[in-house]
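Visitor: Can you walk me through this one? Keep it quick, please.

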Amino acid sequence: MQVKNIDERVRILEDQVAQLLAQLNTPAPTTKATDKTFAALNNLQQQTADAAQGAVMFSGYYRQNAGSKNEAEWQYTVENSELLASDWASLAEPLAALSHPVRLSLLQGIFQGETTAANLAAQLGLGSTGQVYHHLNALQSAGWIRRTVAEGYNVPAERMIALLVILLAAQR
């Protein structure tokens, strides 16, 4: 369709510009709770609608393999106002315990099923179990692992998901 009149051309262009501006000013569509991508977030927002500063939640499940005792299902929610008012300095020890590469490797080995200091030392290629015990003691003191029967170690169920969330956050 060819428009010969300049006034008609200007009117069409003005209409097109108005449509584009309307699209730019239209808020992006919100994600509904039925969208599985944001189902947890939408649920959190509904559950904590009264929280002035919002809330944080972590949840997950872990299964080493079928029938394994090394498994966990966990969910924890806290309002941001409570978290912001807490003593962050008191978190230094558990966070510091995770700040050593050998300790992270030990935790990874424990997640993969190794439970004794000797097996962990062999897996990591460390010559001395003394060094392994030093790091295991730091992890145990901070609550990331606990000693089990027969000199073994495991990650407590209440720490498994938290640890995996910290690792995920560190990757982002």
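Guide: What follows is a short tour by question and answer.

Guide: This is a predicted model, where local features need pLDDT of at least 70, side-chain atom pairs count only at pLDDT 80 or more, and totals for chains, interfaces and linings use all residues. Residues are numbered from 1 along each chain as its sequence is written, and side-chain values use heavy atoms, with hydrogens and water left out.

Visitor: How many helices and strands are in the protein?

Guide: Eight helices and four strands. Both are DSSP runs numbered from the N terminus: helices are H or I with at least four residues, strands are E with at least two.

Visitor: And the order of the elements from the N terminus?

Guide: α-α-β-β-α-α-α-α-α-β-β-α.

Visitor: What share of the residues is buried?

Guide: Of the 172 residues, 23% are buried. Buried means under 20% relative accessible area, exposed means over 50%, and partly exposed is in between (1.4 Å probe, protein chains only).

Visitor: Let's go to helix packing. At what angle do H5 and H7 pack?

Guide: Helix H5 (residues 101-111) and helix H7 (residues 129-141) pack at about 80°, and their axes are 10 Å apart. Axes are lines fitted to C-alpha atoms, for helices over the stretch in contact, and angles run from 0 to 180 degrees between N-to-C directions.

Visitor: What does that make them, roughly parallel or roughly perpendicular?

Guide: H5 and H7 are roughly perpendicular to each other. Under 35 degrees counts as roughly parallel, over 145 as roughly antiparallel, 65 to 115 as roughly perpendicular, and the rest as oblique.

Visitor: Which residues make the contact?

Guide: H5 brings Val102, Arg103, Leu106, Leu107 and Ile110. H7 brings Val132, His134, His135, Leu136, Ala138 and Leu139. Contact means heavy atoms within 4.5 Å.

Visitor: Which H5 residues are buried?

Guide: Val102, Arg103, Leu106, Leu107, Gly109, Ile110 and Phe111. Their cover includes S1, helix H4 (92-97), helix H6 (117-124), H7, strand S4 (153-154) and helix H8 (157-171).

Visitor: What comes just after H5?

Guide: Gly113 is there, with a positive phi of about 110°.

Visitor: New topic. How many salt bridges does a search of the whole structure find?

Guide: Two. A salt bridge is a side-chain nitrogen of Lys or Arg within 4 Å of a carboxyl oxygen of Asp or Glu. One joins Glu8 and Arg11, at 2.6 Å from N to O. Glu8 and Arg11 are three residues apart in helix H1 (residues 6-25), so about one helical turn separates them.

Visitor: And what does Arg63 pair with?

Guide: Arg63 bridges to Glu73, with the closest N and O atoms 2.5 Å apart. That pair links distant parts of the chain: Arg63 is in strand S1 and Glu73 in strand S2 (residues 71-79), ten residues apart. Arg63 is partly exposed at 38% relative accessibility, and Glu73 is exposed at 57%.

Visitor: Where is the nonpolar patch, and what forms it?

Guide: On the surface. Val56, Leu83, Leu84, Trp88, Leu91, Leu95 and Ile166 form the patch, with about 630 Å² of accessible area together. Patch residues have over 30% relative accessible area and no salt bridge; like charges are joined within 9 Å, nonpolar side chains (Val, Leu, Ile, Met, Phe, Trp, Tyr) within 5 Å.

Visitor: Where does Val56 lie?

Guide: In strand S1 (residues 55-63). Val56 is partly exposed, at 39% relative accessibility.

Visitor: Last one: is Asn80 buried or exposed?

Guide: Asn80 is buried, at 17% relative accessible area. Asn80 sits in helix H3 (residues 80-85). Leaving aside neighbours within four places in sequence, Asn80 contacts Gln53, Gly54, Ala55 and Val56.

How values were computed
Accessible areas come from the Shrake-Rupley method with a 1.4 Å probe; for residues, only the protein chains shown count as cover.
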